[in-house]
Amino acid sequence: VRRRAGRAALENLGFALRRPDGTYYVLCDIGRLDPDGDGVAFARRLITEIGVSCVPAASFWRPENAASGRGKVRFAFPKRTETLTAAIARLQRLAG
């Protein structure tokens, strides 16, 4: 339920994502939301301006392939429902 709600909210906000099968994480492409496509800068911005954390996906690629993950971030859903609801509400600021 949490993953489904979080996934739907991220898609509604404009994140392009691969629908995960049985995991608490989702990898999102930030291209529609950040023209620079820099996942590290985007993650930092989410923390400082929006109050939601994510992990830049480039850290999951080997250094020689890090460019493949540059424009992606990873969100996690193993949180209380209230926490996810608050995060989704904060992420709505990206749309406006």
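These are my notebook entries on a predicted model of one protein.

**Ground rules**

I number residues from 1 along each chain as its sequence is written, and my side-chain values use heavy atoms, with hydrogens and water left out.

**Confidence**

I checked pLDDT, the predictor's confidence in each residue from 0 to 100. The mean for the protein is 87, and 94% of its residues reach 70 or more. Helix α1 (residues 2–13) has the lowest confidence, at a mean of 83, and α2 the highest, at 95.

**Overall layout**

I found 3 helices and 4 strands, taking helices (H or I, at least four residues) and strands (E, at least two) as DSSP runs numbered from the N terminus. Along the sequence they follow the pattern α-β-β-α-β-β-α.

Next I looked up the overall dimensions. The C-alpha atoms fill a box of roughly 40 × 30 × 20 Å along the principal axes.

In what order do the strands of the open sheet lie? They run β1-β2-β4-β3, with antiparallel pairing; a pair needs at least two bridges found by DSSP. β1 (16–17) and β3 (55–56) are the edge strands with a single partner each, so one side of each has no neighbour in the sheet.

I then followed β2 (residues 25–29). It is joined to β1 by 2 bridges, with L17 partnered by C28. It is joined to β4 by 5 bridges, and there V26 is partnered by F75. V26 and C28 make up the covered face of β2, while Y25, L27 and D29 are on the uncovered one.

Helix α2 (residues 39–50) lies across β3 and β4 (72–76), at about 40° to β4. That angle is between N-to-C directions, on a scale from 0 to 180 degrees, with axes fitted to C-alpha atoms, for helices over the stretch in contact (heavy atoms within 4.5 Å).

**The core**

I counted 34% of the 96 residues as buried, meaning under 20% relative accessible area, with exposed over 50% and partly exposed in between (1.4 Å probe, protein chains only). A nonpolar core is a set of buried Ala, Val, Leu, Ile, Met, Phe, Trp, Tyr and Cys residues joined through side-chain atoms within 4.5 Å.

Which members of the largest core, with its 21 residues, touch the most others? They are L10, F15, F75 and L91. α1, β2, α2, β4 and α3 (81–95) each supply at least two residues of this core. Beyond four places in sequence, L10 is in contact with F15, L17, V26, C28, F75, F77 and L91.

**A loop residue**

Last, I looked up A66, in the loop between β3 and β4. A66 counts as partly exposed because its relative accessibility is 23%. Apart from residues up to four places away in sequence, A66 touches A58 and W61.

Methods
This is a predicted model: local features need pLDDT of at least 70, side-chain atom pairs count only at pLDDT 80 or more; totals for chains, interfaces and linings use all residues.
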